Amino acid sequence: MNVPLKDGIDDDSYELLYKPLMAKVMEVYQPDAVVFQSGADSLSGDRLGCFNLSIRGHAECLKYMTGFNVPLLVLGGGGYTIRNVARCWAYETGCLLNRELNDSMPENDYSEYFGPTHTLHIQTSNMENQNTREYLEGIRAHILENLSKMTSKPSVPFNTVPRGMLEPSEVSGAKEADADRVRFAEHPAEFENEGSALTFSRHQGVMHETDAYSKASEQKSIAEVQPLSVSMPSSVKVNEGLPQTVTPKNVDENIRTMFPSVAKKKE
């Protein structure tokens, strides 16, 4: 599911879409587990991202997904202002453990990376939110409508093929193949010579089929190029300068057959 968003989206606008859409997704797909990629490039001030989320707004999405009581695997993701990525993942780890972290960061070997504020949370910018409420509501309605058209949860079922759908030869061939697999697993030495013989016999079978096909094709080609037989009146003599339907053996014979007068001059 892709949701087209414009630059500058803030916490409230993001939540307006995220919660109803994900509720519908969980209803339709009914997953047995959820993999949550906690990409942090949507945070305000990211070097590549163009959204304006706070760390609390970002973590609200994760908190919402924990409420479905479905096994949840949380992974890292994007994020290109490293100090804010570390802040976000530290806060969300606390959310998963139901621990509230202090905003003031304790002094450590990496404190210089989090100056000058040395706080866990960041201040969002004053960039313009180009996502109007009308635009967001339209997107939400459109996606919810598409999800509602799915009558059952998407899946790939594994079904046993009914016996009546297979030909007897296919069933017997499958049984023989299964028996060979068992024999190979129990007595692999028996197949050292049998393997070559089996391959040869299969190759011969393919060659026989190919030869039969080639002969049939050749006969068909010969039949297609046979000259048309025309019954000529007895008064017409075919040897009086008329072309004859005879396959020439060489160029000279071709000249004699097709152009008798030219052949006489050549002689």
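Is Leu 75 buried, exposed or partly exposed? Leu 75 turns out to be partly exposed, at a relative accessible area of 39% (buried is under 20%, exposed over 50%, partly exposed in between, with a 1.4 Å probe and protein chains only). This is a predicted model, where local features need pLDDT of at least 70, side-chain atom pairs count only at pLDDT 80 or more, and totals for chains, interfaces and linings use all residues. Residues are numbered from 1 along each chain as its sequence is written, and side-chain values use heavy atoms, leaving out hydrogens and water.

Leu 75 sits in strand 2 (residues 72-75); strands are DSSP E runs of at least two residues, and helices are H or I runs of at least four, both numbered from the N terminus.

On a 1 Å grid over the protein atoms alone, a cavity is a set of points where a 1.4 Å probe fits but cannot get out, while a pocket is an open set with protein on both sides within 12 Å along at least five of seven lines; lining residues have an atom within 4 Å of a point. Volume is the space filled by probe spheres set on the points, which are joined across faces, edges and corners. Helix 1 (11-29) and helix 2 (55-66) each give at least two residues to the cavity lining.

The largest pocket comes to about 420 Å³. Its lining has 16 residues, with Tyr 14, Tyr 18, Phe 36, Gln 37 and Gly 39 nearest the centre. Strand 1 supplies the largest share of that lining, four residues.
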